[in-house]
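Colleague: I have a model open and want to learn how to read its packing. Can we go feature by feature?

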Amino acid sequence: MGLQFCILTILLAVGAVISTGMGYLNISWKEILRIVMAKFTGNDMLLSQMDPILTTVVVDVRLPRILTSLAVGGGLAICGTVFQAILLNPLADPYTLGVSAGAAFGAALAIILNMSFAGTYSTTLMAFVGAVTTLIIVIYLSANAGGLSSNNLILSGIIVTAILSAGISFLKYLADEQVGIIIFWLMGSFASRTWTDATLISVAVIIGLIIFLVFARDLNLLSLGKRVASSLGVSTGKVTLIMLIVASLLAAACVSVSGIIGFVGLLVPHLMRGLTGPDNLRLLPVTFLAGAILLLIADTITRAILPHEVPIGILTALIGGPFFCYVFRQRQTRRREF
Amino acid sequence: MGYILERVSFSYSGTNVFKDFSLNLKADRFIGIIGPNGCGKTTLIDLIMRLQKPQSGHITYLEKPLSSYSKKELARQIALVPQTYSINFPFLVKEVVMMGRYPHMSRFSAPLAEDLAKVKEIMVQTGCIELAHRPVTELSGGERQRVVFARALAQEPKMLILDEATANMDIHHSLHLLQLVVKMQCENKMGVVAVFQDINLAAMYCQDLVVISKGRVVADGPTSFVLQSEILLEVFHVQAKVYFEDYNQSHQVVFRQCI
């Protein structure tokens with residue numbers, strides 16, 4: 001784990017600094033480091049010869065957005081890894097259980113009804129409520145005497161997603177002029193994220209990652225089948241349920257702050273599994289970093305390189321999709337099984 | 001005494017598998033379990049591995065109720081080689097064998113030198129060592145079963161449970177692994193409970209045989225005593241002759257026809 005982890009950490013740190021410098025105002029990396037140091041140590045002397053506008057741009061505009069994109073990218077990637085491990089299905093992603101459709105429905109509802117019970121966070125909160133409600137319904141639908149089977153979960157997720165998608169379409173149809181806002185939300189964006197967003201999502205992702213790491217070896221054993229995993233000391237029912245709930249809540253939190261960003265949760269675990277092997281204890285930290293880097297790049301492209309902001313969900317699919325096809329094809333020609 | 005099952009009843013979605021089922025399984029013997037399809041062999045394994053709980057009756061293991069053990073304690077004591085095995089991700093063979101050490105390791109600690117040594121030793125003994133760096137998803141059925149077997153042995157169990165564990169292996173590897181189990185059984189005072197389809201293979205290695213039919217024990221005792229043509233006729237409905245074969249120094253069966 002050592003080498004890959006170190007390389008990705010360095011890439012992430014360097015990438016974050018470069019990205020902070022890019023945009024309408026170009027800021028050199030030395031100035032960025034000085035601003036960050038000044039804010040960390042409280043030593044304002046470091047800022048004495050600098051244009052105060054630079055400090056505002058870096059601290060209040062760019063850093064919270066970049067931090068949010070890192071956390072969401074890492075969060076979606078580890079959720080995808082965990083979903084693939086529990087559902088024993090390489091096609092699973094954080095949205096398999098309908099979390100995204102639930103969040104989208106909640107957000108659309110908040111937008112169309114002009115909800116403002118929680119100020120600017122109303123849409124985010126409604127998205128989270130929608131996602132959690134969906135999760136409860138899906139788990140209720142798939143639970144039976146034998147515990148949660150992965151086929152039942154996937155099927156329930158598909159059914160509930162289908163119903164909610166129809167619901168979202170109906171809301172869009174009713175929406176008139178707000179339809180643009182709904183569509184923009186659905187496609188995901190990190191524009192104008194605040195420190196509150198960044199802090200909340202970072203804390204959620206770190207807690208999620210720790211819980212996943214605690215159960216990483218249990219997840220490895222689950223891939224040998226429930227019977228064998230149980231004979232090796234895993235309480236399979238309990239572990240499956242805890243992992244599903246934590247991963248879905250984390251996915252719900254990610255979707256709530258950023259909208260629906262596809263492909264990260266599907267693509268990154270696959271790519272990284274090719275690099276580190278399927279051992280979750282090694283895989284999870286590496287997917288976390290890779291997911292963070294991927295969304296950092298995508299968000300920087302849409303924010304600072306393209307002439308107009310393109311929704312990031314579109315960008316990840318447009319870049320990620322073909323790249324995934326390429327890697328997938330490469331692997332097909334090398335190996336018999338994926 | 002290893003396992004004691006007392007008046008155990010178990011039903012599966014309405015159908016009775018066992019009713020007032022009692023059986024003793026000694027802790028240091030190689031015990032074979034034979035019986036026709038659907039007679040409850042796999043359910044018996046599920047019960048003694050605590051993968052299923054009996055609806056009534058008691059199961060004790062080493063003089064304590066089976067239910068009083070923690071899952072981790074059981075995993076250090078009892079290992080299972082299942083009949084069907086699927087491994088869904090391309091873990092390397094050595095990683096799968098290492099999973100047998102998980103019950104002996106704490107959650108985050110890297111494998112100790114002794115874990116690595118044990119895994120290597122088992123891979124050499126089971127003939128998996130040349131597969132060590134290959135993903136299990138690329139192996140043939142028989143090779144994969146060997147890896148699963150090695151994983152169970154790496155667990156260093158006091159009780160090894162084989163559920164038709166050699167069903168997909170070629171004859172060389174079947175004999176090789178069963179000889180290895182016999183050797184480890186003698187050296188480590190390990191108990192073995194093994195479900196067999198192949199009666200002659202069972203007769204070669206098992207010290208005791210238990211014959212189960214329709215959820216009850218038909219015969220139980222030393223192999224030479226249990227293996228009789230009348231019993232095979234009653235349980236399997238086949239005409240068979242049981243004789244002592246000098247060539248492999250064990251009782252063997254030849255079949256004529258089913259009735």
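Colleague: Which residues touch the most other members of the largest nonpolar core?

Modeller: Start with the general idea. In soluble globular proteins, nonpolar side chains tend to be buried together. Now this case, which is a predicted model. The largest nonpolar core holds 171 residues. A:V82, A:A251, B:V97 and B:I161 touch the most other members.

Colleague: Which helix gives the most to this core?

Modeller: α3(A), with 16 residues.

Colleague: Take B:V97. What is B:V97 in contact with, leaving aside neighbours within four places in sequence?

Modeller: Its partners are B:V119, B:I122, B:M123, B:C128, B:V147, B:A150, B:R151 and B:A154.

Colleague: Now helix pairs. How are two packed helices described?

Modeller: By the angle between their axes and the distance between the axes.

Colleague: Which residues of α2(A) and α3(A) meet?

Modeller: From α2(A), A:E31, A:I32, A:I35 and A:K39. From α3(A), A:L54, A:T55, A:V58 and A:V59. This contact divides into 5 nonpolar, 1 polar and 2 charged residues.

Colleague: Last one. Is A:I305 buried or exposed?

Modeller: Count C-beta neighbours. A:I305 has 10 inside 10 Å, so A:I305 counts as exposed. The cut-off for exposed is 12 or fewer. A:I305 lies in helix α13 (residues 280-305) of chain A. A:L294 is 11 residues from A:I305 in sequence, and 15 Å away in space, C-alpha to C-alpha.

Notes: Residues numbered from 1 in each chain as written. Chains lettered and ligands numbered in written order. Predicted model: local features only at pLDDT ≥ 70, side-chain atom pairs only at ≥ 80, totals over all residues. Helix = DSSP H or I, 4+ residues; strand = E, 2+ residues; numbered from the N terminus. Buried ≥ 20, exposed ≤ 12 C-beta atoms within 10 Å, placed from the backbone. Contact = placed C-beta atoms within 7 Å. Nonpolar A, V, L, I, M, F, W, Y, C, P; charged D, E, K, R; others polar. Core = buried A, V, L, I, M, F, W, Y, C linked by C-beta atoms within 7 Å.
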